[in-house]
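Here is a short briefing to read alongside the model. Keep the viewer open and follow along as we go.

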Amino acid sequence: MRFSPVAEISRSALLHNLGRLRQLAPGAKVMAVVKANAYGHGLTTLARWLDDAGVNGFGMARLEEALCLRREGIGARMLLLEGVFSEEDLELAASHDLEVAIHDSEQVAILERATLSKPVRIWLKLDTGMHRLGVQPHQFEALYQRLRALDNIQGEINFMTHFAVADEAENPETARQIALFNQLTKSLPGERTLANSAGTLAWPASHGQWVRAGLALYGGSPMIAGRPEDYELQPVMTMKTAVLAIREHKAGDPVGYGQSWRASRDTRLAVIAMGYGDGYPRHAVSGTPVLINGKRYPLAGRVSMDMITVEIGDDPIQVGDSVVLWGKGLPVEEIAECASTIPYELLCSTTARVQYRYVE
C-alpha cells in the first residue's frame, strides 16, 4: 500500500456544475476560467472535458496556458484576461486566434505599433471599482477612439470589468459597478462580460452575454461563508489519503511541533499521510475536521510537512483506512475557514507530490 495523497477529479461533478451555471444564467454564454492549472484540477484534462461538453470559451491569465490548450487541439474561443505585454506576444495571440484584454494605454500602444499576421479580437477592460487593472472611466472615451482607428482589431471592440465584492450578496458596491459599466458602454456595439463566479450566482443583472466561471465551475462557493450546496454545486476535487499509523496517547501528553495540543484524556491518535508539502494548509487549527471512513475527527496539533494527526478516541480505525481532507462530504470552504484562508488557495496549492485520479 502507498501512503500518499490522491486528488480525485470528477468529470460528472464538473459537467453538473456547468449545467447549473447555464441554468442560473440562461441567456449567457459560459467562459470557463482555467487559469492556475484549472484551479489546481489539471488544465488539459479539465479543458478537454469542458470542450467536449460544448463550453463557449475559456479564460486564462497567461499566454502559456492558452498555447498549451491550442497544442492539445482545443479550438474554442480563448481570452487572455491580463492581455499581452509585447508585440511578439501579441503576434502569438493573433496567430493562434487568442483574444486579448486591453487594460491600459500601453497595451493600446502595443496594438498601434504591431505588425500582425491577422487582426486580433480584443476586450477593453474597464475599472469600475476593483482598482487593480482596467481603464479608468475618465480615460475610457479617448482610448476607445484610439482602438476604433486600428486595423489590427478583428470585429467590434468588446467590453469587460471585474467585481470587487460580489461575494458579499448585500453589498451595494456591485450594483454600483454594474451601473457604471452600463453607463460607459451604453449603445456601443460589442460583447460584454461582467460576472465572475460570485456575479453568476448572486447578481443576475451582471450576466450580460458572457459569464466567467471559475471557482463555481469546480464546485466551490465564492460567497462569504457560503457552501456549494447553497447553489446545488458539487465538488470536482476530493482530496484523499490514508491512515498510516495509530498511536495510544496518554492524558496530558502533547503531539507535534511546538507541543501546542495536549490530550484531555487517554485517547488514540491517527497519523494521516498529508501535510503542507502536499498542499494541506499549515495554519489549519486544532479541531479542523478530517473525514475517516466517512466520520469527522478533529485535527490535533500542528500540520507537518508530510503528515497530520487527528484524535480518534476508541473508534475502530485501522492503518490504511480511507481519509478525505476536503471535497465530497467535507466542503473545502470549511477547511479554508479553519486555516484563515480561502478555498481558491487550497485548490491551487496542490503540489506535485499529489497524484491525480480522473474519474467519471
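What follows goes from the whole chain to single residues.

This is a predicted model, in which local features need pLDDT of at least 70, side-chain atom pairs count only at pLDDT 80 or more, and totals for chains, interfaces and linings use all residues. Residues are numbered from 1 along each chain as its sequence is written, and side-chain values use heavy atoms, with hydrogens and water left out.

**The whole protein**

- The protein has 11 helices and 18 strands; helices (H or I, at least four residues) and strands (E, at least two) are DSSP runs numbered from the N terminus.
- Its C-alpha trace spans about 75 × 45 × 35 Å along the principal axes.
- Of the 360 residues, 54% are buried; buried means under 20% relative accessible area, exposed over 50%, and partly exposed in between, with a 1.4 Å probe and protein chains only.
- Among contacts with a separation of 6 or more, 66% join residues 24 or more positions apart, where contact means heavy atoms within 4.5 Å.
- The protein exposes about 15,600 Å², and carbon and sulfur atoms supply 49% of that area; accessible areas come from the Shrake-Rupley method with a 1.4 Å probe, and for residues only the protein chains shown count as cover.

**Helix H8 and its buried face**

- Helix H8 covers residues 173-185, 13 residues in all, and reaches 18 Å from its first C-alpha to its last, close to the 18 Å expected at 1.5 Å a residue; the expected span is 1.5 Å times one less than the number of residues.
- Which residues of H8 are buried? They are Thr174, Gln177, Ile178, Leu180, Phe181, Leu184 and Thr185.
- Seen down the axis of H8, these buried residues fall within an arc of 165°, so they line one face of the helix; the arc is that of the directions from the helix axis to the C-beta atoms.
- As background, an α-helix has 3.6 residues a turn, so residues three or four places apart point the same way.
- The cover over the buried residues of H8 includes helix H7 (137-148), strand E7 (158-160) and strand E8 (192-195).

**Salt bridges**

- The structure holds 21 salt bridges, each being a side-chain nitrogen of Lys or Arg within 4 Å of a carboxyl oxygen of Asp or Glu.
- Lys29 and Glu191 meet through their side chains in a salt bridge (3.8 Å, N to O). Lys29 lies in strand E2 (residues 29-33) and Glu191 in the loop between H8 and E8, so the pair ties together parts that are 162 residues apart in sequence.
- Lys29 is partly exposed at 35% relative accessibility, whereas Glu191 is buried at 16%.
- Lys29 and Glu191 also belong to a network of salt bridges that links them with Arg77, Glu99 and Arg121.
- Arg48 and Glu72 form another salt bridge through their side chains (2.6 Å, N to O). This pair links distant parts of the chain, 24 residues apart: Arg48 is in helix H3 (residues 43-52), and Glu72 is in the loop between helix H4 (63-71) and strand E4 (77-80).
- Arg48 is partly exposed at 36% relative accessibility, and Glu72 is partly exposed at 36%.
- The side chains of Arg113 and Glu106 meet in a salt bridge too (3.4 Å, N to O).

**Trp326**

- Trp326 sits in strand E17 (residues 322-326). Is Trp326 buried or exposed? Trp326 is buried, with a relative accessible area of 0%.
- Not counting residues up to four places away in sequence, Trp326 touches a set of residues including Met237, Thr238, Met239, Met274, Tyr280, Pro281 and Leu346.
- From Trp326 to Thr238 the distance is 5.7 Å, C-alpha to C-alpha, although they are 88 residues apart in sequence.

**Backbone with positive phi**

- Most residues other than glycine have a negative phi, and most peptide bonds are trans.
- Asn37 is not a glycine, yet has a positive phi of about 60°; Asn37 lies in helix H2 (residues 35-40) and is partly exposed at 38%.
- Glu232 has a positive phi near 60° and is found in the loop between strand E9 (210-213) and strand E10 (237-249).
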